[in-house]
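Please keep the sequence and the model in view while reading.

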Amino acid sequence: AGCGSGLSASMLFGDRLKNHKYVGVDISTSVEVARQRFKERGLPGDFVQWSLTDVPVKDESVDMVFSEGVLTFTESTGESIRYLGKKLKKGGSMLFYVYAKKGPIREFADDHIRHAIAPMNDKDAWEALMPLTKLGAALGELNQKVNVPEDIPYLGIKKGEYDVQRFFYWFVAKAFYKPEYDLDTMNLINFDWYRPITCHRHTVEEVKEYCASARIEINHLDVQEAGITVVGTKF
């Protein structure tokens, strides 16, 4: 659900796809890239350009729903989970990843930047994000640490030692940095995050509530700073 270019599915399932029927659904034309990627790897799969909240399959007809970092870009993450849960057979599996809520300054900055570039065309939005990307790279190249002596709960900051760039990344604004990437690649990652006008972030409690309402029993829950991973079974 939200297969994009098919990278996550091809990496996670690999040759196992040869023994199963895979259908990738995405609202964008990336399904054409996914179709070609599967063909090049010799993997079977059907691809449909469609909304994942209006999938053209019957209720209780699929064995697994897999969605990697897409549900939070729908109008309602909870409604999307409930809708896709209806497509699962009893005993079927749901695997998904959603983004976690960060500290209040990071949350504010994310939404502020998202809305600031919303009226722009893609070229102008790309250029508008480049100074932020350059700042992230400059902070990363410092290769310096900062020590937070005590928890600051009202900012969502825990005591400890942080790389300066990662401290900015987690608590101020997403400015992606990876030393082996060039500026355009880092800017693309930032662009991919800030460009969608809708992007929900969630707490663990919210995710558990969504699963319960979709009749999904959580078998595995992995909570990290960036996001929340769930593997569940429909009951």
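## Lys89 in strand E4

Lys89 is found in strand E4; helices (H or I, at least four residues) and strands (E, at least two) are DSSP runs, numbered from the N terminus. This is a predicted model, in which local features need pLDDT of at least 70 and side-chain atom pairs count only at pLDDT 80 or more, while totals for chains, interfaces and linings use all residues. Residues are numbered from 1 along each chain as its sequence is written, and side-chain values use heavy atoms, with hydrogens and water left out.

At 34% relative accessibility, Lys89 counts as partly exposed. Here buried means under 20% relative accessible area, exposed over 50%, and partly exposed in between (1.4 Å probe, protein chains only). Lys89 and Val62 are separated by 27 residues in sequence, yet their C-alpha atoms are 5.8 Å apart in space. With neighbours within four places in sequence set aside, Lys89 is in contact (heavy atoms within 4.5 Å) with Glu60, Ser61, Val62, Asp63 and Lys234.

Helix H8 covers residues 204-213, and Val204, Val207, Tyr210 and Cys211 are buried in it. Viewed down the axis of H8, these buried residues fall within an arc of 125 degrees, so they line one face of the helix; the arc is that of the directions from the helix axis to the C-beta atoms. Glu205, Glu209 and Ala212, on the other side of H8, are exposed.

The cover over the buried residues of H8 includes helix H3 (77-87), strand E4 (88-99), strand E7 (216-223) and strand E8 (227-234).

## Two residues with positive phi

Arg215 follows H8 and lies in the loop between H8 and E7. Its phi is near 60 degrees, a positive value in a residue other than glycine. Arg215 counts as partly exposed, at 40% relative accessibility.

Asn143 also is not a glycine, and has a positive phi of about 50 degrees. The loop between helix H5 (122-142) and strand E5 (145-148) holds Asn143, which counts as exposed at 57% relative accessibility.

## Two buried serines

Ser80 lies in helix H3 and is buried, with a relative accessible area of 2%. Leaving aside neighbours within four places in sequence, Ser80 is in contact with Leu52, Thr53, Leu71 and Thr74.

Ser30 belongs to helix H2 (residues 30-40) and is buried, with a relative accessible area of 17%. The side chains of Ser30 and Ser28 are joined by a polar contact of 2.7 Å. Such a contact is a pair of N or O atoms within 3.5 Å; within protein, one must be able to donate a hydrogen and the other to accept it, and residues adjacent in sequence count only if both atoms are side-chain atoms. Not counting residues up to four places away in sequence, Ser30 touches Gly4 and Ser5.

## The second largest pocket

The second largest pocket is lined by 16 residues, and Lys101, Lys102, Gly103, Gly156 and Glu225 lie nearest its centre. On a 1 Å grid over the protein atoms alone, a pocket is an open set of points where a 1.4 Å probe fits, with protein on both sides within 12 Å along at least five of seven lines; lining residues have an atom within 4 Å of a point.

The lining of the second largest pocket divides into 7 nonpolar, 5 polar and 4 charged residues. Ala, Val, Leu, Ile, Met, Phe, Trp, Tyr, Cys and Pro count as nonpolar, Asp, Glu, Lys and Arg as charged, and the others, Gly among them, as polar.
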